[in-house]
Amino acid sequence: MMNRFNPWGVPPITYNPNTSTLAGMTTAQLQTALASAQAALVQLQTGGKVVSVSYSQGDGSRSVSYTAANMAGLTQFIMQIQRQLGVPGVRRRALRPIF
């Protein structure tokens, strides 16, 4: 399957919530983790130096610390939780050249 967007025929990556690292968490746990991660992102963007996010999963609790240098990692984590919860992503419309 070759087209101009996928010239090598590589299948597109799809998200599978059953094999995610967040699989096994309840919806309430995911929503709590999402709220915590979003609050951490706000603190990070408003000048906080180190922000810690923690959540509990079936096999124990996890804790991660973020600094301004890895704000992208925190954003990716938020997007992963949103995908796990089924929150639709926001996509930018296609850029079209105007001649």
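User: Gln-38 lies in helix α1. What makes a stretch of residues a helix here?

Analyst: Helices (H or I, at least four residues) and strands (E, at least two) are DSSP runs, numbered from the N terminus. The model is predicted; its local features need pLDDT of at least 70, side-chain atom pairs count only at pLDDT 80 or more, and totals for chains, interfaces and linings use all residues. Residues are numbered from 1 along each chain as its sequence is written, and side-chain values use heavy atoms, with hydrogens and water left out.

User: Why is Gln-38 called partly exposed?

Analyst: Buried means under 20% relative accessible area and exposed over 50%, with partly exposed in between (1.4 Å probe, protein chains only). Gln-38 has 35% relative accessibility, so Gln-38 counts as partly exposed.

User: Which residues does Gln-38 touch, leaving out those up to four places away in sequence?

Analyst: They are Ile-78 and Gln-82. A contact means heavy atoms within 4.5 Å.

User: How far is Gln-38 from Val-53 in space?

Analyst: Their C-alpha atoms are 9.5 Å apart, and 15 residues separate the two in sequence.

User: In what order do the elements run?

Analyst: From the N terminus on, the order is α-β-β-α, with two helices and two strands in the protein.
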